[in-house]
Amino acid sequence: MSYRIRPARETDIKALEALFATAREFMARTGNPLQWGSTHPPLSALEEDIALARGYCVVDEGDTVLGYYALVSHEKTYDVMVEGKWLDDGPYVCPHRVATYSGQGVGRFLIGYLKEHYASIRIDTMDVNIPMRSLLEKSGFVYTGVIELEDHRGLRVAYQYLQKAGV
């Protein structure tokens, strides 16, 4: 199966709603029912991602949406770590709202794509999100500590990928 990344479009909303519903069910089934609950991300967040040109879809040859992420170049909740330290102080990107259909290698493709295109990637998740933590660790991300979301919405474990010089 061949995948590619393309900007998310308004016409993708229905497919994204189905993707996130499946992702929430998967998270609940695998011991992580609270990170997204039954309503996250709200439709308004996806619409804003598209309007700001920061939402991306992983699609197959038929342009079927199999994954999604929003990419930002700075996350203010990462400015202060509750515990630990980032690997560097340089510029980075941060994927948010990462969701894929499981069992098709879409998550590995998405993370591999980001690693090919960005030298420094920071990401967070709940400590109980074992599938995501496992994917990150297998993909060369390093656990760096703990961050706290805005408005005291909870702690998240933080990871960073930092491309080595010459790689």
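Trainee: What order do the strands of the open sheet have?
Mentor: The four strands of the open sheet run S1-S2-S3-S5, with antiparallel pairing. Strands here are DSSP runs of E with at least two residues, helices are runs of H or I with at least four, both numbered from the N terminus, and two strands pair if DSSP finds at least two bridges between them. This is a predicted model, where local features need pLDDT of at least 70, side-chain atom pairs count only at pLDDT 80 or more, and totals for chains, interfaces and linings use all residues. Residues are numbered from 1 along each chain as its sequence is written, and side-chain values use heavy atoms, leaving out hydrogens and water.

Trainee: And which are the edge strands?
Mentor: Strand S1 (4-7) and S5, each pairing on one side only.

Trainee: How many bridges join S2 and S3?
Mentor: Five, in the antiparallel sense, between S2 (residues 55-59) and S3 (residues 65-72). Cys57 has Tyr68 in S3 as its bridge partner.

Trainee: Switching to H1, which residues are buried?
Mentor: Ile13, Leu16, Leu19, Phe20, Ala23, Arg24 and Met27; buried means under 20% relative accessible area, exposed over 50%, partly exposed in between, with a 1.4 Å probe and protein chains only.

Trainee: What's on the other side of H1?
Mentor: Lys14 and Arg29 are exposed there.
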